[in-house]
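Please keep the structure at hand while reading.

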Amino acid sequence: MHGQVIDFVSSCPREFATVVEIGSRDINGTVRGLFTAESYTGIDLYEGPGVDVVGDCLDWSPPEPVDAVVCCEVLEHAPDAEGIVRRAHEWLRPGGTLILTCATDPRSAHSGISEQPWKPGEFYRNVKPDDMRSWLDGFDVRRLEVGPPGDLRVLAVKE
């Protein structure tokens, strides 16, 4: 997780009763320690550090609506990035917070599985800001930023 992600998440609200993190496996850093939460659940496709639930977030739901969903550096690796954003919306209670970062142009392809270089056959697609705006229907978008090194950052609240 590069420094700009940590800086962005650090600038967002971080005190919640319940948090779910999508793509929580700690490959190269984590935002988990930035949050104060009574309950913090990490979900990822692969077992590893920071993962409480192994599975696809499109097929899983928390037992009750949550206060915050965090998703950092995942969407560029997901064939259904829009579905992940919509799923986060479903999980949030009204007034709940979405904190999201992902790659956008001109970031080059990189692996979502390991710290190794991107491998042919791995899915990768930078997220376009206009696509993100359309996926955030039902959210009050407080911040949508594009910055170096090809980062798209979002802070939004479920309406």
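Helices, of type H or I with at least four residues, and strands, of type E with at least two, are DSSP runs that are numbered from the N terminus. On that basis, in this predicted model, Pro 106 is found in the loop between β5 (92-103) and α3 (129-135), and a cis peptide bond joins this proline to Asp 105. A cis peptide bond also joins Pro 148 and Pro 149, and Pro 149 is placed in the loop between β6 (139-147) and β7 (151-158).

| Cis peptide bond | Omega |
|---|---|
| Asp 105 – Pro 106 | about 10 degrees |
| Pro 148 – Pro 149 | about 0 degrees |

Another backbone feature concerns Glu 73, a residue other than glycine whose phi is positive, near 60 degrees. Glu 73 lies in the loop between β4 (66-72) and α2 (81-91), and because its relative accessibility is 14%, Glu 73 counts as buried, the cut-off being under 20%.

Turning to the whole chain, the secondary structure comes to 3 helices and 7 strands, which run α-β-β-β-β-α-β-α-β-β from the N terminus on. The radius of gyration is 14 Å, close to the 15 Å that the globule rule gives for 159 residues, so the protein chain is as compact as a globular protein of that length. Of the 159 residues, 48% count as buried, while the protein chain exposes about 7600 Å², of which carbon and sulfur atoms supply 50%. As for charge, there are 15 positive and 27 negative side chains, and the centres of these two sets lie 3 Å apart.

Technical notes
Residues numbered from 1 in each chain as written. Predicted model: local features only at pLDDT ≥ 70, side-chain atom pairs only at ≥ 80, totals over all residues. Heavy atoms only, no water. Buried < 20%, exposed > 50% of the residue type's maximum accessible area, 1.4 Å probe, protein only. Rg over C-alpha atoms; globule rule 2.2 N^0.38 Å. Areas by Shrake-Rupley, 256 points an atom, 1.4 Å probe, with all protein chains shown as cover. Lys, Arg positive; Asp, Glu negative; His and termini not counted. Charge placed at Lys NZ, Arg CZ, Asp CG, Glu CD.
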